Amino acid sequence: MIIIIKKEHDEKQLNNLIGWVKKQGLEVDLSEGSHSSVLGLIGDTSKIDIDLVRSLDIVESVKRIQEPFKLANRKFHPEDTIVDVSGVKVGGDNFTIIAGPCSVESEKQIIGIAEAVKKSGAKLLRGGAFKPRTSPYSFQGLRETGLELLLKAKAETGLPIVTEIMSVRHIDLFKDVDLIQIGARDMQNYELLKEVGKTKKPVLLKRGFANTIEEWLMSAEYIMSEGSKDVILCERGIRTFEPYTRNTLDLSAAPVLKELTHLPLIVDPSHASGLARLVKPLSLASVGAGADGLMIEVHNDPPHALCDGAQSVRPEQFDDIAKSVNNMLPICGKKQIL
Ligand code: PEP
Ligand code: MN
């Protein structure tokens, strides 16, 4: 971090600042120029409050050289993290497909879809039990019953399960969930991030629809700072001026994240586009961009789905997507799934 000190500054205030920085365990390099003085901070500056420093009278500007996230930073952990979700590996040269309906609707529905997606190559089953809906009058999910049905589908098919948590009050209900999803709307619910981190369970952290890559990695840092290592990032599109698609899939995030972090990345083309017919091309593009996997919404009867029918593919469409993805994997440095 570099702090530019104003030309006209109070020496006492400058010495106070240098003393404070040293107390944070950092070394300070002061170079005095004719127009301004520059303080170079050496060491781990992730705990320095940049806004606080910026607000000081003697400070002209502050520039971060090092990213504010540490545990998620590839600089301090060069190898890819491979997250083990109840035996299913995510990251490295693995490519992992998560599939299932937006919401669990009935025992027959979830078990039927689970069997179909497993046959096509999915390794994890997704299904919403607690649903974050824009309207309080929309279907809110089967809640506890939804979790029970997911566990039944897991017992029946052997597929580990992924489902979204929305409240710290529900942590105990999620004890048998293999991968806890934190949704886009909760990416910056810091109390939830900390509590989920304490469980030490693998977490699928979706990107908030108006959040930067750095903010997303800072949220991963919240989970990891509780001692949890197993965070999987999920790009699900961001909100832009383009109304044709539900969101805009930010695929540049994939190669950027590969530089910045060692954590695996899953892409969700279903929420990114909102349109079932776009799921296949966006899935293939995600493989090309370097994603470690996909999360795809699959429904047996999309027109009658209780949530997100328009973006849900049918099991036979999912089968076709998985086969095409499989063909691309070797040229993208990934092991084939079929
Ligand atoms: C979901 O995965 O069903 C979901 C609600 O996603 P998001 O948080 O990305 O909107
Ligand atoms: Mn959905």
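Why does S167 count as buried?

1. S167. This residue counts as buried because its relative accessibility is 15%, and the cut-off for buried is under 20%. S167 sits in the loop that runs between β9 (161–165) and β10 (179–182). A polar atom of the S167 side chain lies 3.0 Å from the backbone nitrogen of R169. The model is a predicted one, and that applies to each point below.

2. Overall build. The protein has 338 residues, and buried residues make up 52% of them. Its secondary structure consists of 10 helices and 14 strands.

3. Domains. The protein is divided into two parts: domain 1 covers 2–63 and domain 2 covers 83–332. Between the C-alpha centres of domain 1 and domain 2 there is a separation of 43 Å.

4. Surface and contacts. About 15400 Å² of the protein is accessible surface, and carbon and sulfur atoms account for 52% of that area. As for contacts between residues at least 6 apart in sequence, 67% join residues at least 24 apart.

5. Manganese site. The manganese ion (ligand 2) has these protein donors: C102 through SG, H271 through NE2, E297 through OE and D308 through OD. Along the chain the donors follow the spacing C-x168-H-x25-E-x10-D. Within this set, the pair H271 and E297 links distant parts of the chain, 26 residues apart. H271 belongs to helix α8 (residues 269–273), while E297 belongs to strand β14 (residues 293–297). Both H271 and E297 are buried.

6. Ligand 1, surroundings. Ligand 1 is surrounded by 13 residues. The closest are R126, K131, A184, K206 and R236.

7. Ligand 1, polar contacts. In the side chain of R236, a polar atom lies 2.6 Å from an oxygen atom of ligand 1. For K131, a side-chain N or O atom is 2.8 Å from an oxygen atom of the ligand. For R185, the corresponding distance from a side-chain N or O atom to a ligand 1 oxygen is 2.9 Å. Taken alone, ligand 1 exposes 300 Å², and the protein buries 97% of that.

Notes: Residues are numbered from 1 along each chain as its sequence is written. Chains are lettered from A and ligands numbered from 1 in the order in which they are written. This is a predicted model: local features need pLDDT of at least 70, side-chain atom pairs count only at pLDDT 80 or more; totals for chains, interfaces and linings use all residues. Side-chain values use heavy atoms; hydrogens and water are left out. Domain bounds come from an automatic or database domain assignment. Donors are N, O and S atoms within 2.8 Å of the metal (3.2 Å for Na, K and Ca); water is not among the atoms, so sites may look incomplete. Helices (H or I, at least four residues) and strands (E, at least two) are DSSP runs, numbered from the N terminus. Buried means under 20% relative accessible area, exposed over 50%, partly exposed in between (1.4 Å probe, protein chains only). A residue is near a molecule or strand if one of its heavy atoms lies within 4 Å of it. A polar contact is a pair of N or O atoms within 3.5 Å; within protein, one must be able to donate a hydrogen and the other to accept it, and residues adjacent in sequence count only if both atoms are side-chain atoms. Accessible areas come from the Shrake-Rupley method with a 1.4 Å probe; for residues, only the protein chains shown count as cover. Contact means heavy atoms within 4.5 Å.
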